[in-house]
Amino acid sequence: MQWGSLEEFLAMGGYGLYVWTSFGTTALCMGWEVLALWRRRAAAVAEHRDVS
Amino acid sequence: MDDGFSGRWIFEAPGAVEKPLTDSETHKDSTLRQFFFFGLGGIFQTMLQTVALSCSRGERRLFSDISVTVKPGTLLAVLGENGSGKTSLLRMLCSLLSPERGAILWQGQDIRQLKELYCAQLTYIGHLNGIKDDLTPVENLTVSACLAGDESSGALVQDALEAVGLRRSVHLLPTRVLSQGQKRRVALARLWLSTHPLWLLDEPFTSLDEAATNYLTQRLQSHLRHGGMAVVATHQEVALPTNAVQRLRLTG
Amino acid sequence: MSFMGVNWLKYSSPQAFYPLAGSLIPWCAAAAILLIGVGLYIGFFIAPTDFQQGEAYRIIFVHVPAAWMSMFLYVVMAAWAGLGLGLNARLSFMMAQAIAPTGAMFTFLALLTGAMWGKPTWGAWWVWDARLTSELILLFQYAGVMLLRTSIDDLRRADRASAVLALVGVVNVPIIYFSVRWWNTLHQGASVSMTAAPKMAATMLTAMLLMTVGFWMYSLAVTLARMRCVMVERESLLSWGKQASMQEVAEAR
Amino acid sequence: MSRPSMWETLRGIVRRDLLLAMRRRSDAAMSVFFLVIVASLFPLGVGPEPAVLRMIAPGVLWVAALLACLLSLGRVFTADYLDGVLEQMLLISQPLAVLVVGKVFAHWLISGLPVVLLSPLLGLQFGLGGESLGVLVLSLLLGTPTLSMIGAIGAALVLGVRGSGLLIALLVLPLYVPVLIFGAGAVTSSLAGIGGEANLSLLGACLALSLFFAPWATAAALRIALE
């Protein structure tokens with residue numbers, strides 16, 4: 001284990017901003033995509049039921 | 001026919017069909033009967049045939065299971081209201097639209113395999129005139145005849161235009177200034193140059209006056225008499241020329 | 001068409017594909033979570049600090065998989081599109097349609113994380129490097145395919161037109177990569193190779209590969225889920241057609 | 001009745017398009033005017049220093065030529081699509097690729113060739129001289145047919161689609177990138193004294209590649225658009 005403390009881990013040797021922005025955006029995009037798909041599916045199924 | 005909203009087709013075999021024509025004996029029999037009697041073997045002596053043709057536009061079923069045969073010297077009149085699929089059927093027959101199910105055979109071969117060899121056999125006049133407003137009637141006709149592979153000498157073109165009743169005075173005006181009926185006549189004048197055996201005409205009689213309708217009827221008649229074939233889509237009953245007419249009614 | 005005793009052709013019908021996709025999604029999602037979790041653990045806690053780039057190099061654990069996936073998904077999308085054109089199969093077109101947004105997202109992520117990596121490493125957010133530039137063009141191509149699809153009302157035509165565009169794009173991307181590299185060597189000096197550190201520790205590579213397979217599983221799950229959405233939406237369009245006119249259907253969409 | 005030969009069909013299509021362009025000369029002149037105006041705007045924006053202008057000349061002239069080509073793409077098929085002539089043309093007794101090659105060649109003669117012929121004049125505006133002026137003309141001569149070829153794919157794809165003017169730009173511009181790089185690169189390297197041969201031969205390769213693939217892709221797109 002190379003991290004002494006949580007602060008050290010978050011600082012990422014001074015590159016924290018870059019590293020955490022990258023990983024954060026990626027996680028955000030993926031999460032958003034999953035959520036959007038969830039909603040889309042719910043809407044589609046509801047509509048399908050309404051009509052038929 | 002398998003579901004409620006598919007188009008139905010009604011085959012009307014007119015009594016007149018029984019009367020043989022002078023120079024051709026082929027359409028003595030009703031096509032439907034011929035199909036039953038000779039089955040697939042009959043395909044090779046007939047020219048244009050559709051086998052269980054189906055079509056939907058978007059998500060709407062227009063027609064399904066259309067099987068008709070057009071033989072030399074006969075005309076197929078496709079009747080039906082607006083939106084019943086007449087244009088789609090015609091576009092399928094000239095290979096612009098690929099059938100959803102079924103096939104179209106020309107002399108027993110699928111037209112999707114024949115491709116441009118099949119295109120060389122047909123003259124198609126759509127509901128759009130297919131003429132350029134910036135060109136004169138003579139230029140329009142020369143260009144389309146050249147692309148279709150028909151002869152297009154100056155004299156032939158002028159004769160064709162006069163045959164549809166366009167006077168010489170309008171031959172060299174830009175088509176833009178002509179009336180709707182005159183533009184339609186320019187488009188139809190191609191038929192007087194066409195030497196192709198199969199004609200596919202989509203609503204050819206629209207915006208034509210009585211005189212032009214007569215010219216066209218006579219031209220169709222002589223085409224059939226020389227062993228040609230025609231498929232004509234129309235939404236109204238028109239006095240169609242010969243007694244070798246089959247009717248296909250699309251009820252969308 | 002049978003492979004490992006399974007009749008694969010059976011699943012080319014929407015009725016069979018829909019439940020199959022439904023049962024595959026949880027497995028893919030679980031595999032994705034597991035792989036990405038292990039990959040992140042190795043990447044952050046086991047892989048050593050890079051002696052040249054410091055901790056900033058850890059961005060490549062997300063950048064490289066995203067970049068690989070973006071290109072891989074484009075090729076897969078084009079392959080489905082080509083298959084659809086060749087066999088006239090609606091399901092293939094739907095597959096291509098379902099892949100596009102995920103591919104575009106990964107392309108965007110690759111560009112963004114590339115900039116995040118470039119700033120501390122090169123001192124610039126953006127460098128006209130061959131890989132970055134072709135990635136940018138790839139994003140434009142994804143956008144083009146998706147835009148073309150949404151601007152055509154007729155579904156059949158939309159499917160086929162965007163398929164042709166996707167196929168043309170497949171030829172374009174390698175040419176662009178090559179041309180930008182050529183262009184870069186002409187403009188001496190501007191070229192900074194983005195190749196990762198020459199001697200990469202085995203743990204780094206392991207983490208990167210795990211993340212890549214994880215992203216792959218994620219793409220599979222998301223694509224299948226979107227595919228099911230598309231199928232439901234198109235089915236409902238079909239049932240509307242019985243009652244509503246074409247105009248209303250076009251507007252509703 | 002005899003099937004016209006491929007060559008006759010090709011000639012017929014080109015002659016017809018040229019005749020139509022003669023009837024509407026203003027349309028054809030428009031893209032050339034556009035090129036001149038765009039190229040003239042850059043010195044006003046960048047400043048009159050000859051050294052700077054000479055440096056940006058290859059890129060600016062090539063981007064302007066590319067945009068001029070893009071602007072005229074809408075005309076390749078749209079008018080014929082609207083009045084039903086395209087439908088008739090799809091039924092010619094030759095492979096559809098022949099039609100595409102004819103139409104694209106006519107389009108190049110109308111909007112590409114004037115750009116090539118005008119480019120030395122614009123090059124002089126930017127202080128290009130001697131050899132690099134020749135390379136500019138040569139690169140445009142090789143590049144503009146490629147632009148027309150690739151553009152025709154986009155033009156066929158967006159036929160009859162709403163907002164097609166903007167859409168075609170979005171679809172086609174990414175495909176233009178290699179041509180732009182090699183074209184501008186040829187002029188730049190001749191300015192730098194390296195000689196533009198390498199880039200010119202790559203432009204030639206692009207042209208060959210597009211001549212090989214683009215007609216088929218365009219033909220497929222036309223069939224799809226007219227279904």
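Where in chain D is the place of D:S148? In this model, which is predicted, D:S148 sits in helix α6 of chain D, the helix that covers residues 130–157. With a relative accessibility of 2%, D:S148 counts as buried, because buried here means under 20% relative accessible area. Leaving aside residues up to four places away in sequence, D:S148 touches D:C69, D:V104, D:H107 and D:W108.

One of those neighbours of D:S148, D:C69, leads on to the cysteines. The structure holds 0 disulfides over all chains. C:C229 is in no disulfide, and the nearest cysteine sulfur to it, that of C:C28, is 16 Å away; a disulfide would call for a pair of sulfur atoms within 2.5 Å. C:C229 is also buried, at a relative accessible area of 1%. D:C69 likewise takes part in no disulfide, the nearest cysteine sulfur being that of D:C206, 14 Å away, and with 7% relative accessibility D:C69 counts as buried.

The interface between chain A and chain C comes next. The size of an interface is often given as the accessible area lost when the parts come together. Between chain A and chain C the buried area is about 3,100 Å², and carbon and sulfur atoms give 71% of it. On the chain A side, A:Y18, A:F23 and A:E33 lose the most area to chain C, together accounting for 19% of what that side buries. Counted by contacts, 27 residues of chain A meet 44 residues of chain C.

Helix α2 of chain A (residues 16–51) supplies 20 residues, the largest share of the side of chain A that touches chain C. That side divides into 16 nonpolar, 7 polar and 4 charged residues.

Over all chains, the count of salt bridges comes to 22. In chain B, B:D134 forms a salt bridge with B:R176, the closest N and O atoms lying 2.8 Å apart. This pair links distant parts of the chain, 42 residues apart, with B:D134 in the loop between β8 (122–125) and α5 (137–148) and B:R176 in the loop between α6 (154–163) and α7 (180–188). B:D134 is buried, with a relative accessible area of 10%, whereas B:R176, at 45% relative accessibility, counts as partly exposed.

B:D209 forms a salt bridge with B:R185, with 2.7 Å between the closest N and O atoms. Here B:D209 lies in the loop between β9 (198–202) and α9 (210–225) of chain B, and B:R185 in helix α7, 24 residues apart. B:D209 counts as partly exposed at 39% relative accessibility, while B:R185 counts as buried at 11%.

In chain D, the side chains of D:D80 and D:R16 meet in a salt bridge at 2.7 Å, N to O. Because D:D80 lies in helix α3 (residues 50–82) and D:R16 in helix α1 (residues 6–23), the pair ties together parts that are 64 residues apart in sequence. Both D:D80 and D:R16 are buried. Through shared partners, salt bridges join B:K132, D:R16, D:D17, D:D80, D:D83 and D:K103 into one network.

Note on methods
Residues are numbered from 1 along each chain as its sequence is written. Chains are lettered from A and ligands numbered from 1 in the order in which they are written. This is a predicted model: local features need pLDDT of at least 70, side-chain atom pairs count only at pLDDT 80 or more; totals for chains, interfaces and linings use all residues. Side-chain values use heavy atoms; hydrogens and water are left out. Helices (H or I, at least four residues) and strands (E, at least two) are DSSP runs, numbered from the N terminus. Buried means under 20% relative accessible area, exposed over 50%, partly exposed in between (1.4 Å probe, protein chains only). Contact means heavy atoms within 4.5 Å. Buried area is the accessible area (1.4 Å probe) that two parts lose on being put together, summed over both. Ala, Val, Leu, Ile, Met, Phe, Trp, Tyr, Cys and Pro count as nonpolar, Asp, Glu, Lys and Arg as charged, and the others, Gly among them, as polar. A salt bridge is a side-chain nitrogen of Lys or Arg within 4 Å of a carboxyl oxygen of Asp or Glu.
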